[in-house]
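This briefing goes with the sequence and model shown below. It takes the whole chain before the single residues.

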Amino acid sequence: MSDRIRWGILSTGAIAATFAEDLKLLPDAQLAAVGSRTAESAERFAAAHGVARAHGSWRALVEDPDVDAIYVATPHNAHYEASMLALRAGKAVLCEKPLTLAVSEAEEMAAVARSGGVFLMEAMWMRCIPAIRRIVELVREGAIGDVVAVHADFGIQGPLPEDSRLRDRKLGGGALYDVGIYPVTFAHLFLGAPATVQAWARMSEGGVDENTGMLFGYDSGAVAALTCSLLGDTPRTGSITGTLGRIDVQRDFFHPHGFTLWRGDEPREFDLPYEGKGYQFEAAEVHRCLREGLLDSPVVPIAETLDILRLLAEVSGLVGLDYSS
C-alpha cells in the first residue's frame with residue numbers, strides 16, 4: 001500500500017460529491033479517479049472536485065491500475081452491479097448503504113470479496129462518527145447498565161416531487177432503505193437482532209413506503225421503537241435507556257457532534273466536533289483496514305450489515321414493500 005490510499009469514485013451524484021469533499025480532509029487520501037456511464041459526467045465531476053482522472057465507464061474506473069479503493073455512490077438498485085465489478089477487479093470496495101436491496105445479492109458480494117481476498121464494507125457512515133463510537137464504548141462499559149429500550153426516528157419533510165429518486169421503486173426508493181436504515185442500525189448497535197418484529201407503513205401509489213413504524217422485541221426483554229418518513233420532518237433524535245441511566249442524542253442522531261449521558265437528573269455532556277459532513281471517518285476506517293491487511297472492518301462488519309439487511313427484508317415483507325419486480 002502506498003503512502004496515500006488512492007480512491008476512485010463510482011457515480012457522480014450528490015453523495016459522491018460530499019464524499020469527494022470530505023476525503024480532502026484526510027492527508028493520506030488521494031482522489032485519483034472518477035467513473036460514470038458517460039465521459040461528460042465524469043469530466044464535470046473531476047473538474048468540480050479536483051479528481052485526477054475521469055473515466056467514461058465503470059469498467060474503466062475499476063481497471064485503473066492507480067486506484068486502490070472504490071467508493072460506490074450509485075442509486076441503491078445499482079449497488080450490486082457496480083460493487084461486483086469492482087470486487088472482481090480486485091479493488092477494495094466501500095459501497096453506499098444499503099449494501100444491496102436483496103439479501104441474496106449482499107451475501108453473494110460478501111462471498112466474492114472473501115474468496116477473492118478483497119476488502120468490502122458498507123458505507124454506513126453513522127457507525128464511524130466519533131460520537132457514535134464513543135456511545136458504543138460507554139454502553140459496552142456499562143455506563144447506563146443493561147439496555148432496556150432504544151428509540152430513534154428519521155423523517156424528512158415532504159412532499160417530494162414525483163420524479164424524486166425516493167419515490168421511485170425501481171431505484172430502491174421509500175423511507176425504509178434510505179432513512180429507516182439509520183434507526184434500525186442504531187438499535188442493532190446496542191441490542192443486536194430482535195426476537196420479534198412488528199411493522200406498519202403507509203404505502204405510496206408507486207409501491208414504496210412513505211411513513212413507517214417498527215417495534216422490535218428482544219429476548220432480554222428490551223424493546224426498540226423506530227420510525228422513518230418521507231412525509232414530515234421528525235426530530236431525528238435517538239436515545240438508549242438502561243437500568244442505570246440514559247444516553248440522548250439530539251438532532252441528526254446519525255452524525256452527531258456530541259450527546260448527553262444521564263444518571264438520574266444529572267447530565268454529562270460529551271462534545272466531539274469535527275470538520276466536514278463526517279464521511280471522512282468511514283474512509284479513514286477503510287484506510288486503517290487496508291494498512292492492517294483486514295478484509296472486514298470490525299467497526300462496520302459485514303456480518304452485521306447482512307443481519308440488518310435481513311431485518312429490513314423482514315420489515316419489508318410485513319408492510320408490503322417489494323423491489324423484486
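Helices (H or I, at least four residues) and strands (E, at least two) are DSSP runs, numbered from the N terminus. The model is predicted: local features need pLDDT of at least 70, side-chain atom pairs count only at pLDDT 80 or more, and totals for chains, interfaces and linings use all residues. Residues are numbered from 1 along each chain as its sequence is written, and side-chain values use heavy atoms, with hydrogens and water left out.

**Whole chain**

- The protein chain holds 9 helices and 14 strands.
- Its radius of gyration is 19 Å, close to the 20 Å of the globule rule for 325 residues, so the chain is as compact as a globular protein of that length. The radius is taken over C-alpha atoms, and the rule is 2.2 Å times the number of residues to the power 0.38.
- The C-alpha trace spans about 55 × 45 × 35 Å along its principal axes.
- Of the 325 residues, 57% count as buried. Buried means under 20% relative accessible area, exposed over 50%, and partly exposed in between (1.4 Å probe, protein chains only).
- Among contacts (heavy atoms within 4.5 Å) between residues at least 6 apart in sequence, 66% join residues at least 24 apart.
- About 13,600 Å² of the protein chain is accessible surface, and carbon and sulfur atoms account for 49% of that area. Accessible areas come from the Shrake-Rupley method with a 1.4 Å probe; for residues, only the protein chains shown count as cover.

**Annotated spans**

- An unreviewed UniProt entry places "domain: Gfo/Idh/MocA-like oxidoreductase N-terminal" at residues 5-121. UniProt positions are given in the numbering used here, feature names are shortened, and annotations may be inferred rather than shown by experiment.
- Residues 5-121 are 43% helix and 23% strand, with 16 Å between the end C-alpha atoms.
- The UniProt annotation "domain: GFO/IDH/MocA-like oxidoreductase", also from an unreviewed entry, covers residues 133-247. That span is 22% helix and 35% strand, and its end C-alpha atoms lie 13 Å apart.

**Helix H4 and strand S6**

- Helix H4 (residues 79-88) has these buried residues: His79, Ala82, Ser83, Met84, Ala86 and Leu87.
- The cover over the buried residues of H4 includes strand S1 (5-10), strand S4 (69-72), strand S5 (92-96) and helix H5 (103-116).
- Gly90 follows H4 and has a positive phi, near 80 degrees.
- Ala123 is in strand S6 and counts as buried because its relative accessibility is 0%.
- Setting aside neighbours within four places in sequence, Ala123 contacts Tyr71, Leu94, Cys95, Glu96, Lys97 and Glu282.

- Gly207 sits in the loop between strand S8 (196-203) and strand S9 (209-217). At 21% relative accessibility, Gly207 counts as partly exposed.
- Beyond its neighbours within four places in sequence, Gly207 is in contact with Arg169 and Leu321.
- Gly207 and Gly320 are 113 residues apart along the chain, and their C-alpha atoms are separated by 8.2 Å.
- Ser316 belongs to helix H9 (residues 302-319) and, with 5% relative accessibility, counts as buried.
- Not counting residues up to four places away in sequence, Ser316 touches Leu176, Tyr177 and Leu321.

**Backbone exceptions**

- Most residues other than glycine have a negative phi, and most peptide bonds are trans.
- The bond joining Lys97 and Pro98 is cis, with omega about -15 degrees; Pro98 is in the loop between S5 and H5.
- A cis peptide bond also runs from Gly158 to Pro159, with omega near -5 degrees. Pro159 lies in the loop between strand S7 (147-155) and helix H7 (175-191).
- Arg236, which is not a glycine, has a positive phi near 60 degrees. Arg236 is in the loop between strand S10 (223-229) and strand S11 (238-242) and counts as buried at 14% relative accessibility.
- Asp252 has a positive phi of about 60 degrees although it is not a glycine. Its loop runs between strand S12 (246-249) and strand S13 (258-263), and at 17% relative accessibility Asp252 counts as buried.
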